[in-house]
Amino acid sequence: MHWKCKAWALLAGFYAATGFASQEEQIKTDCGKIDGYGQAGTAAYRQGDMARAVEEFTAQAAWGEFCRLPAPALATAYNNTALALFRSGEPLKANAWLSLAPDDPKSRVNLALLQPILARLAPALAATPMGNYWRYAGQGVWSVLSVVPADGNAWKITFNGYYMPGMGMYYGPNMGSFSVVEPISDGKATYSQDAADSGSACQVNMTFSPGDVQLDTVSGDCGFGMNVRADGKFLRVSLY
């Protein structure tokens, strides 16, 4: 089980049992662990264990946001995660993390180093919309749109959206999802939901380009969790 899922399950029960005073104490303790996540990530990175490094650096970023560290400290965590992903052979995911603080000096350097690789990937990205697309939901969590082939000229498009509320590190995100099978014509696809079938009507327009997909909910709210929206730019993070 992912570290964050463990935290949500364990700490939700802990807080229900011990109350507000203990909650403040736990938050203070957890915020004191941020440097440890960074150190553990650095150790894993040096040992070549990139999966562990990504996990630890993601925790560094997530808790850093929750504990309201200054922007330069958060940018360091984003860059740490990006570098571990890059060494894992995931340049598109690295690019997504670097996009969280693009004006930070470290990010500018690493984005410049990444550009030749992204340029080499451009023809493959332009050839198909297949893959995963991310939009940051906060505190280490990404909303995801995935596209996989279906029958004929159609694609199965699946959205899993999240919103991290104030205490999301402990109780988990608000969520919403949809799935549709249809063609992507001239880079466009649409998801429509009928209130008669699902209790909530909505329409989501999707506009694909090689490096991202723009989602626009033009009517309704799709019945998602609070503040979860199928809106905004989702960066391409994989080809498959």
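**Note on helix packing and the nonpolar core**

1. α3 and α4 cross in a left-handed sense (near helix turned anticlockwise from the far one by less than a right angle; clockwise would be right-handed). Their axes come within 8 Å and cross at roughly 160 degrees (lines fitted to C-alpha atoms, for helices over the stretch in contact; angles run from 0 to 180 degrees between N-to-C directions). The two helices are therefore roughly antiparallel (over 145 degrees; under 35 is roughly parallel, 65 to 115 roughly perpendicular, the rest oblique).

2. This is a predicted model: local features need pLDDT of at least 70, side-chain atom pairs count only at pLDDT 80 or more, and totals for chains, interfaces and linings use all residues. Residues are numbered from 1 along each chain as its sequence is written, and side-chain values use heavy atoms, with hydrogens and water left out.

3. Now the residues between α3 and α4. On the α3 side they are M50, A53, V54, F57, T58, Q60, A61, G64 and E65. They meet L74, A77, Y78, N80, T81, A84, L85 and R87 of α4. Helices are DSSP runs of H or I, at least four residues, and strands are runs of E, at least two, numbered from the N terminus.

4. α3 is mostly covered, with 14 of its 17 residues buried (under 20% relative accessible area; exposed is over 50%, partly exposed in between; 1.4 Å probe, protein chains only).

5. The largest nonpolar core has 28 residues (buried Ala, Val, Leu, Ile, Met, Phe, Trp, Tyr and Cys joined through side-chain atoms within 4.5 Å). Y78, A84, A96, W97 and W134 touch the most other members. At least two core residues come from each of α3 (50-66), α4 (71-87), α5 (91-98) and α6 (105-127). α4 gives the most, 7 residues. Apart from this core lies another, of 23 residues, with F178, V204, F208 and L215 among them.

6. W97 deserves a look. Beyond its neighbours within four places in sequence, W97 is in contact (heavy atoms within 4.5 Å) with T58, A61, Y78, T81, A82, L85, W134, Y136, G140 and W142.

7. α5 is mostly covered too: 7 of its 8 residues are buried. They are P91, L92, A94, N95, A96, W97 and L98. Their cover includes α3, α4 and α6, along with β1 (131-138), β2 (141-149) and β8 (232-236).

8. The axes of α5 and α6 come within 9 Å and cross at roughly 135 degrees. That makes α5 oblique to α6. The crossing is left-handed. From α5, P91, L92, A94, N95 and L98 make the contact. From α6, the partners are S107, N110, L111, L114, I117, L118, L121 and L125.

9. E90 sits in the loop between α4 and α5. Its relative accessibility is 27%, so E90 counts as partly exposed. Sequence neighbours within four places aside, E90 is in contact with L85 and V237. E90 and L113 are 23 residues apart in sequence and 14 Å apart in space, C-alpha to C-alpha.

10. S238 lies in the segment after β8. With 12% relative accessibility, S238 counts as buried. Leaving aside neighbours within four places in sequence, S238 is in contact with L92, M130, G131 and N132. S238 and T76 are 162 residues apart in sequence; their C-alpha atoms are 24 Å apart.
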